[in-house]
Amino acid sequence: MANPGYGKRSAPAQLPRTEHDFVHLPPREASIAAYIDRLPEGADISVKTLAKVLPYGQCALRTALNRLQDAGHLRRGSECVAHDEVLLWVTRTFFSRTARDDDWWAAFSRGDAPPERRQQHPTRSRAFVLLAALGRTAPALTLSAADCAALEPQVTAWFERGATEAELLHALTDGLPAPIHHAAALVRRRLTDKMPPERTAPTHHRTVLRTLECGECRAPGSAEVLIGGRCGPCRGNPVGTPTGPAGTIPPTGVRSRMNDVRAAMKPRSERIGRPPHPRLHDREVSETGSHLGVV
């Protein structure tokens, strides 16, 4: 594990893990991505640590991580976190099992990443799965596929009101009569009669302090500038035009600008090359002459 606050951080709203997650990557990058994907939060995924457990050298691992960045699975950056009532900027590597584009990473850096699109193939909902497994908890409530599909909207309504699976199972299986002649009718009746009230969860609006870094030179920048995780100069773009806000001084002009500032801080007489004030000059000569004994 990395030091507290550092290491791997999983991106939100990822699709469920499948055996086809990294088939679009070369074999080496796919194996490294699968290994990182199964590491816990906060795990140390630096090239030195990975080289100790994977059959690749540090150079090969560095290249592989850069390719994962190009494919949209990885971004490096910094995030401001609270630690013992102190705000600290910590270095983090954000990993996503689901490949993301630059627009998604830009939204993630602002703290408003959009939810992931669902797969095109239909999958069973959480409500359907709970109903299908109801017979494992109470064998007398074993339902058919048609019953599960018919009762699915009612269970979904429970979940939308904030009910947990444990609360649902308790409401459906507690104090069952004996015998049960029609399991689906009993489940439907309990779902209707025991429907919980709507729970209004408090909304907490917080500002996310997060910035991304170039994967090559580690220069910080906005996600809009770090296309593919790399800044303009590392992508081969010319560096003559500053990328900051209006009035930004390029790095090559900082020294000359500071020289201008220092020159402006000198007295006006020294700037234009004029001698000091005459009265001040006579006073200095008089003081010097009296010190030498000259009348």
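This is a predicted model: local features need pLDDT of at least 70, side-chain atom pairs count only at pLDDT 80 or more; totals for chains, interfaces and linings use all residues.

Q: Why are α8 and α9 called oblique to each other?
A: The axes of α8 (residues 165–173) and α9 (residues 183–193) come within 9 Å and cross at roughly 120°. Axes are lines fitted to C-alpha atoms, for helices over the stretch in contact, and angles run from 0 to 180 degrees between N-to-C directions. Angles under 35 degrees count as roughly parallel, over 145 as roughly antiparallel, 65 to 115 as roughly perpendicular and the rest as oblique. The two helices are therefore oblique.

Q: Which residues of α8 and α9 meet?
A: Leu168, Ala171, Leu172 and Thr173 in α8 meet Val187, Arg190 and Leu191 in α9, where contact means heavy atoms within 4.5 Å. These residues divide into 5 nonpolar, 1 polar and 1 charged.

Q: What makes α1 roughly perpendicular to α3?
A: The axes of α1 (residues 27–37) and α3 (residues 58–70) come within 10 Å and cross at roughly 80°. That angle makes α1 roughly perpendicular to α3.

Q: Why are the buried residues of α8 said to be on the same side?
A: Leu168, Ala171 and Leu172 are buried, a term for under 20% relative accessible area, with exposed over 50% and partly exposed in between (1.4 Å probe, protein chains only). They cover an arc of only 95° around the axis, which puts them on the same side of α8; the arc is that of the directions from the helix axis to the C-beta atoms. On the other side of α8, Ala166 and His170 are exposed.

Q: How do you know that the buried residues of α9 line one face of the helix?
A: Ala183, Ala184, Leu186, Val187, Arg190 and Leu191 are the buried residues of α9. Seen down the axis, they fall within an arc of 165°, so they line one face of α9. Their cover includes α5 (126–132), α6 (134–137), α7 (145–160) and α8.

Conventions
Residues are numbered from 1 along each chain as its sequence is written. Side-chain values use heavy atoms; hydrogens and water are left out. Helices (H or I, at least four residues) and strands (E, at least two) are DSSP runs, numbered from the N terminus. Ala, Val, Leu, Ile, Met, Phe, Trp, Tyr, Cys and Pro count as nonpolar, Asp, Glu, Lys and Arg as charged, and the others, Gly among them, as polar.
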